[in-house]
Amino acid sequence: MELVAGQALGIIGPSGSGKTTLVKAMTGIMPVLRGAVRLDGADLPQWPEAELGRYTGYLPQDVSLMDATIAENIARFAEHLDMTAIVAAALAAGVHEMIVKMPDGYQTRLGAGGIALSGGQRQRIALARALYGDPFLVVLDEPNSNLDTEGEAALTEAVAKVRARGGIVVVIAHRPTALAAVNMVAVVQGGRLTAFGPKDDIIGPKPVPQPAADRPAADRPATDRPAAAEPQPMVLQPAHRVTA
């Protein structure tokens, strides 16, 4: 499976199928037991951690914010708070207006775990954190699980903007609205990649159902098909090469 600059991949599949494990491997959080994840042709372990963190943004399924200011959380506790970059990330996540309406704006303290915010507000600030510094690879694990209609629209716009600047986005989705701005889809079932390709090919209009015995092998449900081939390495290939 290969992604190039300007693409966005939606990963779908049943609960417990391995979607979160896959994206944790893609970001280097979990080791890869088989195959490899490559960024700009280099295996992830070849990248210094500081450089890898600089070029990747990650929004986990379970959002965790620290007992600090909104600005510090968005900036990932950078030694120097660059307010221009912090505000740019908040604007990209569609959360700037919400922040400035708070009593202390970007200096509002969140409390342990971000307890001062609703689930949707925490998720949107965590999205801004993932977008901080315009990372090349942005990985979002169920980013709209707590979002309202306004938040989902902001998420779709954020994904589109990352693609427009030549980045790559990977989105795990249970709700189809999270796939609005992606152009590629992968299906994960039972810990295996069972389908990968353009979104219209994977989740486009469905044909009229036919009895399983009458269907071509390629159209049968995954459970009726022969075992999938050995999974191939995930390759993330930017348009330019970043040298650490």
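Visitor: How many helices and strands does the chain have?

Guide: The secondary structure of this predicted chain comes to 8 helices and 10 strands. Of its 244 residues, 43% are buried.

Visitor: What share of the contacts with a separation of 6 or more joins residues 24 or more positions apart?

Guide: Such residues account for 69% of those contacts in the chain.

Visitor: In which order do the strands of the open sheet stand?

Guide: The open sheet has 6 strands in the order S5-S6-S7-S2-S8-S9, and its pairing is mixed. Strand S5 (56-59) and strand S9 (192-198) are the edges; each has a single partner strand, so one side of each lacks a neighbour in the sheet. On average, neighbouring strands of this sheet are turned by 15° against each other, direction ignored.

Visitor: How many bridges join S2 to S7?

Guide: Strand S2 (residues 8-12) and strand S7 (residues 168-172) run parallel and are joined by 4 bridges. For Gly10, the bridge partner in S7 is Val171.

Visitor: Which strands does helix H1 lie across, and which does helix H6 lie across?

Guide: Helix H1 (residues 19-26) lies across S2, S5, S6, S7 and S8, and runs at about 155° to S7. Helix H6 (residues 119-131) lies across S5 and S6, at about 165° to S5.

Visitor: Let us turn to charged side chains. How many salt bridges are there?

Guide: In general, side chains of opposite charge can pair when their charged atoms come close. The cut-off applied here is 4 Å between a side-chain nitrogen of Lys or Arg and a carboxyl oxygen of Asp or Glu. By this rule the count is 3 salt bridges.

Visitor: Which parts of the chain does the pair of Arg109 and Asp67 tie together?

Guide: The side chains of Arg109 and Asp67 meet at 3.9 Å, N to O. Arg109 lies in the loop between helix H5 (96-100) and H6, and Asp67 in the loop between S5 and helix H3 (70-74), so the pair ties together parts 42 residues apart in sequence.

Visitor: Where do Asp134 and Arg165 lie?

Guide: Asp134 forms a salt bridge with Arg165, with the closest N and O atoms 3.8 Å apart. Asp134 is in the loop between H6 and S6, and Arg165 is in the loop between helix H7 (149-164) and S7, so this pair ties together parts 31 residues apart in sequence. Asp134 counts as exposed, at 54% relative accessibility, whereas Arg165, at 35%, counts as partly exposed.

Visitor: In which helix do Lys161 and Glu157 lie?

Guide: Both lie in helix H7, 4 residues apart, which is about one turn of the helix.

Terms used. Residues are numbered from 1 along each chain as its sequence is written. This is a predicted model: local features need pLDDT of at least 70, side-chain atom pairs count only at pLDDT 80 or more; totals for chains, interfaces and linings use all residues. Side-chain values use heavy atoms; hydrogens and water are left out. Helices (H or I, at least four residues) and strands (E, at least two) are DSSP runs, numbered from the N terminus. Buried means under 20% relative accessible area, exposed over 50%, partly exposed in between (1.4 Å probe, protein chains only). Contact means heavy atoms within 4.5 Å. Two strands pair if DSSP finds at least two bridges between them. Axes are lines fitted to C-alpha atoms, for helices over the stretch in contact, and angles run from 0 to 180 degrees between N-to-C directions.
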